[in-house]
Amino acid sequence: MRILFLGDIVGRTGRETVMEVVPTLRRDLRLDLVVVNGENASHGFGLSLPIARELFAAGVDVVTLGNHAWDRKDLIGQIDAEPRIIRPANYPPGTPGQGSAMVELVDGRRALVINVMGRQFMEALDDPFRAVADIMARHRLGVTVQAVVVDIHAEASSEKWAMGHVLDGRASLVVGTHTHTPTADHRILPGGTAYQTDAGMCGDYDSVIGMGKEAAIARFLRRMPGERLQPAEGVATVAGMMVETDDATGLARRMAPLRMGGLLAPTMPDF
């Protein structure tokens, strides 16, 4: 299975660029599954259902969320109507939405996508490691599902590394989101799980993690509340990771970063 995961989409320029390039990437890279983190897609904070459906129409299969899941209050009453949008599975019981989604490909193969949120330096949620274990206990990689993708939306790189090692040999890809900065540590772990600490963001990198520089810098310099942060609106870079798995085992055979457009040095998978 050929899987593309794209990091946090930030604002209009990020989402429009993603919607523009995904159809071409699906064709040229012969992708089977496209997953994106969309928790900053709506004006930099949250996700609206219309934007999610535009992403689906462009060829995205699943949209994951994170700590900004409920910034668009209308999604609270709408998320249950769209199972392809998933919020962190370790929100308490009774929270709207689901923490995982099953995608069935046209050829019958199935991929399980899981979203959890870290607890280090973030709001206190339930245990993300237990949440993943509870979901994966119902499935067997390479038998009931041909791929498992886990998006761990977390601040601490240590927590992401730990999740990667815990799931090594049990997931196809464990990838971090939230910090909006692509890390250079992509690798296939000893047990066969592809791992990257952070996929980066799809947005304008002439910014402060996707937000306009002036307002963001002022908050650090003055330590006072100021104008509301707004997404930077320059040319977006699309950043993410591509993985090819073995259908028999569900484990990664090869992986490579993807960066295109904008300011960062471009790189494309060559398999």
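Visitor: Leaving aside its neighbours within four places in sequence, which residues is His68 in contact with?

Guide: This is a predicted model. In it, His68 is in contact with Glu39, Asn40, Phe45 and Gly46, once neighbours within four places in sequence are left aside. His68 lies in the loop between β4 (62-64) and β5 (85-86). The UniProt record, an unreviewed entry, places the feature "active site" at His68.

Visitor: Why does His68 count as buried?

Guide: Buried means under 20% relative accessible area. His68 has 18% relative accessibility, and therefore it counts as buried.

Visitor: Which residues does UniProt list for "binding site"?

Guide: The unreviewed entry lists Asp8, Glu39, Asn40 and His180.

Visitor: What makes one say that they cluster in space?

Guide: They are spread over 173 residues of sequence, yet the largest C-alpha distance is 11.6 Å.

Visitor: Where is the place of Asn40, and what does Asn40 touch?

Guide: Asn40 is found in the loop between β3 (33-37) and α2 (49-58). Not counting residues up to four places away in sequence, Asn40 touches Asp8, Ile9, Val10, Gly11, Phe45, Gly46, His68 and His180.

Visitor: Why is Asn40 called buried?

Guide: The limit for buried is under 20% relative accessible area. Asn40 has 3% relative accessibility, so it counts as buried.

Visitor: What makes His180 count as buried?

Guide: His180 has 6% relative accessibility, and the term buried requires a value under 20%; His180 therefore counts as buried. His180 is located in the loop between β9 (173-177) and β10 (187-188). Not counting residues up to four places away in sequence, its contacts include Asp8, Asn40 and Asp198.

Visitor: How do you know that Lys160 is buried?

Guide: Lys160, which lies in helix α4, has a relative accessible area of 1%. Buried means under 20%, so Lys160 is buried.

Visitor: Which residues does Lys160 touch, not counting residues up to four places away in sequence?

Guide: Lys160 touches Ile152, Ala154, Gly176, Thr177, Thr179, Tyr195, Thr197 and Asp198.

Visitor: Which residues make the contact of α3 with α4?

Guide: On α3 they are Pro128, Phe129 and Val132, and on α4 they are Glu159, Ala162, Met163 and Val166. By class, this contact has six nonpolar, no polar and one charged residues.

Visitor: Why is α1 called roughly parallel to α2?

Guide: The axes of helix α1 (residues 11-28) and α2 come within 8 Å and cross at roughly 20°. The cut-off for roughly parallel is an angle under 35 degrees, so α1 is roughly parallel to α2. Their contact is made by Arg15, Val18, Met19, Val22 and Pro23 of α1 together with Ile51, Glu54, Leu55 and Ala58 of α2.

Visitor: How many residues of each class has the contact of α1 with α2?

Guide: The contact has seven nonpolar, no polar and two charged residues.

Conventions:
Residues numbered from 1 in each chain as written. Predicted model: local features only at pLDDT ≥ 70, side-chain atom pairs only at ≥ 80, totals over all residues. Heavy atoms only, no water. Contact = heavy atoms within 4.5 Å. Helix = DSSP H or I, 4+ residues; strand = E, 2+ residues; numbered from the N terminus. Nonpolar A, V, L, I, M, F, W, Y, C, P; charged D, E, K, R; others polar. UniProt positions renumbered as here; feature names shortened; annotations may be inferred. Buried < 20%, exposed > 50% of the residue type's maximum accessible area, 1.4 Å probe, protein only. Axes fitted to C-alpha atoms, helices over the stretch in contact; angles between N-to-C directions. Parallel < 35°, antiparallel > 145°, perpendicular 65-115°, else oblique.
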